Amino acid sequence: MIEVRGLCKEFERSRRAEGTVGKSRKHRVKKETFLAVDHVSIEACEGEIVGILGPNGAGKTTLLRMMGMLMSPTEGDVVLTDDTGNEITELTQKKAAIGYLSGNTKLYPRFSVREYLRFLGELYGFDKEMIQMRSEEIFRVLDMEGFADNRIEKLSTGQTQRASIARCLMADPRVYILDEPTLGLDILSADAIIRFMKEQKEKGKTVLYSTHYLEEAQILCDRVYMIRDGKIVAQGTPAALMQQTKTDNLRTAFHVIYDEAGGV
Amino acid sequence: MMKKIGILIRKEMLDILRDKKTLIMMILVPIVLYPLLIIGMTFVLNSVMSASEETSYTVAFDKEYADTVADLRELMAQNPEEFEEDVEFLAMDGKGTSAVADATLRLEEETDGRLRVEIAYDSTNMNSAHVCQMLVDVMEAYRQKLVAEGLAELDLDERFLYPVICTTVDEVSEAESFGVSIGGSIGMMLIVMILMGALYPAIDTTAGEKERGTLETLLTLPVTNFQMIFSKFVSVAIIACVTALLSLVSLAGSVLFLIFGVAGDMVMEFGFSAGTMLGALPMLFVTMIVTALLSSALCMCFCVFAKSFKEANNYVTPLLLVVMIASMAGMLPSVELDQKTVLIPIVNVSLMMKQVLSQQFSFALAGVANLVNLCVSILIIWFLAKMYDSENILFADGFRSFRLFVKRSDVKEGTVPDNGDVMLGVTVLFLLLIYVGSVASARLGFWGTAVSQLMILAVPLLLVWYMKSDVRSLFSLNAPRKRSVPGSILLYMGTYCLIMVLSVALMALFPESMENVELAFSPMTEQPFVFILLVVALMPAIGEEILFRGLMFGSIRANWLNRHPKEPAVKAAVYAILISAAVFGVFHMSLVKFFTTFLLGALFAYIVYKTGSIYVTMGLHFVNNAVSMMAMKYPEAVGKVLPFLMEEELSVGEIVGLLLAGVLLMALGLALLEGKRKKAG
């Protein structure tokens, strides 16, 4: 299970100070701090797909980066527990328990997928047969046998995304954190990824993912969190949110909730 | 831990080696470029020289003096070995300059019967310069011939004119002159080759990874920052080593090809025997590896901040310039590898190469130089791994650990300078002291020291002004509690006893360095004692305390506390004490003084930590310097009061006594200082 409590992240941004038009250049732009993630509390359990929904700039990626141990929070904690309910505290063990995937987690272009998986397997401490076995299984499941030995720089977008999924699968993590995994993919590749998420859920893994595609979230997610300006504005099952807003799909529900929270 | 590093190194190597650009830089450039350059240059040089040998020259002269010129031609014909060139003499009217001739002889008979000769030539034209030199020699031979004829008329011989025969003999060994003439440039070439070898992979594994977006993936894997940085560092160093080796082999191959192939006699004139250098080879090999480590660390230090190849290239340009200039040290005739220069990275390698090639090789100094460079590389890597967590590397806009790069109007009140700012300040100060300080000392003598001291005070003050820091808490500008003063004094006295024993031991180990120290201070003793006290005791007591115990100790401690809020505060103090003391030690630019100043620095930082007041250590620092200045100025008087202070060798009894006294005083002082804490708490 992964849980965050009161998570905050402070960033700096430049802003033109008010009433300083025409003054010297030095004073025109002021640096100020703001909370990209503002006291967010989330939990995701085993066998659950949890969706993080919100427009660009809402703070989804920052939140997921903190949960993926790539950024340290300004305030608050990320708690990760193992099967027995004990907290995992060591940073490398936390990273080993999380499979993190985003648009920015690219793969080494000069490696083939097979070489990449071997490198990962060695890093996770698997032996040779184990690496061989797992790689073959992953290639079969993701239908990658045709391009497993090609260099990653030669792969298409969909093939690359499947290679990224393969990367996450190799470590067999407890928690998947996927930042817009279906963004910009063709129907076949996107379906492969949705299938992958469902399978992991059935295996009892925790899947946490962010998306813009509300139709996809409606059928896939057990629960969703809606984020606006770094704050959670709504949470619950898709059905409950639709009921609460008296709508029949998540997209309309989203608009209603956002309008109530102050307009999109 | 090691296994993961091994896996990561293998990955980095594979990634680097599959990049065509790296391979070109690594293999093609050294293997093809150097031979092409060297052999090509030699061929061009040879062809130019042989072309000039075959040319015939023309010399114009005033036809009025045709008889004199006829004498000259006869003289040249008599000595065909000396004047072998084919010279054609061209008669012309008047004393103008001929456009077609390589040189013009202007002859003029003076009223006293002597012949005045003016040789007009063009110094930018090789043929003209050559024929001019030949004409000078011809004229000299002509003069001697006339002198001999004149003497013969008077029944005298040469002994009358030249009763003294004076010649010069250059006694420097051929190897030495070889080392001095080209050892420096070979050292520079080697350093630059290694740096070039490190540069590209350093950019590729840091900024390149960031640009390709693979770094974020790497950071999701279960590896620590140290493992990541260290494996990158080792991979870059391996590539740098291989590049350097290839360059060396290709360079050596080209030179051998020249010796045995094309221009044997030309190169052999240096009389350089490779056999005598074999002994230095293992050390050379070690030096190359250590230099590769150092270059890799330096390159990575800059590239880690960059977000893209382009940015990284911009960052390393100043580094390249500095390293190039530093590696030219070996070309300076009077700079040698000694106690001081051995401490400057890069410069020490350059000087060592000069030593090796002139076959005056000191294993001890070479060892120290390598040790220094190794330590610097490890420090840089450790620093990188500590300071730049994944967030800083990935998401920050460049130099985030330098708050100095923020506009002052955006700096918040009470900002503590970051460790990067402090190090930058100290580096700038160090350069100022080396360049401005040494010029000031040369121009102003004793008062130049005062200028240096003012700079030491000015740099931290400027820094905290820019940062708008809370000076009172950062510099510990608090009045000490009365009861903590005696404890501090006792502790200082105890430490001083230990330092005395230590410096006697160091003096025995490095006898020559102590003489250097005395030499450096000797011009000062001529000044009135008040001035000495002011410049050598009072100013350092304020400036160095503000810099090391104020800015450095204060900032490092505050930053550490800020970054590790959950850890005990004592740890922050320990880090800050050790680091500030180490920099204080290095700052004194002497291998021997490092140990004693380190101890003193650690002691002072500890006292500031315990008493919360910098005034106490300012007082102690003043007393410390004043006492040693007194010992310099009035050795006899001090010798009467404190005899052991003046001795250069201590008896066993004195050593035991000093050690005992030291430990006792320290224990007493510690008990007083620590005890106070408990009561107050």
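**Confidence of the model**

Begin with the model as a whole, which scores ipTM 0.85 and pTM 0.69. Then colour chain B by pLDDT: the mean is 81, and 87% of the residues of this chain reach 70 or more. Where pLDDT is low, the predicted coordinates should not be read in detail.

**The contact between the chains**

Next, display both chains together. Chain A contributes 22 residues to the contact and chain B contributes 23 residues. On chain A, select α1 (25–28), α3 (91–97) and α4 (113–123), each of which supplies at least two residues of the side that touches chain B. Of the elements of chain A, α3(A) gives the most to this side, with 4 residues. By class, the side of chain A that touches chain B comprises 9 nonpolar, 7 polar and 6 charged residues.

**A helix pair in chain B**

Now select helix α16 (residues 446–467) and helix α20 (residues 529–563) of chain B. Their axes lie 9 Å apart and meet at an angle of about 25 degrees. Because angles under 35 degrees count as roughly parallel, α16(B) is described as roughly parallel to α20(B). The crossing of α16(B) past α20(B) is left-handed.

Show the side chains at this contact. The contact of α16(B) with α20(B) has 15 nonpolar, 4 polar and 1 charged residues.

**Two loop residues with positive phi**

Move to chain A and select D172(A), in the loop between α6 (157–171) and β6 (175–179). Although D172(A) is not a glycine, its phi is positive, at about 50 degrees. D172(A) counts as partly exposed because it has 15 C-beta neighbours inside 10 Å.

Finally, return to chain B and select D155(B), in the loop between α4 (126–153) and α5 (158–161). D155(B), a residue other than glycine, has a positive phi near 60 degrees. Is D155(B) buried or exposed? With 7 other C-beta atoms within 10 Å, D155(B) is exposed.

Key:
Residues are numbered from 1 along each chain as its sequence is written. Chains are lettered from A and ligands numbered from 1 in the order in which they are written. This is a predicted model: local features need pLDDT of at least 70, side-chain atom pairs count only at pLDDT 80 or more; totals for chains, interfaces and linings use all residues. pLDDT is the predictor's confidence in each residue, from 0 to 100. Axes are lines fitted to C-alpha atoms, for helices over the stretch in contact, and angles run from 0 to 180 degrees between N-to-C directions. Angles under 35 degrees count as roughly parallel, over 145 as roughly antiparallel, 65 to 115 as roughly perpendicular and the rest as oblique. A crossing is left-handed if the near helix is turned anticlockwise from the far one by less than a right angle, and right-handed if clockwise. Ala, Val, Leu, Ile, Met, Phe, Trp, Tyr, Cys and Pro count as nonpolar, Asp, Glu, Lys and Arg as charged, and the others, Gly among them, as polar. Two residues are in contact if their C-beta atoms, placed from the backbone, lie within 7 Å. A residue is buried if 20 or more other C-beta atoms lie within 10 Å of its own, exposed if 12 or fewer, and partly exposed in between; C-beta atoms are placed from the backbone.
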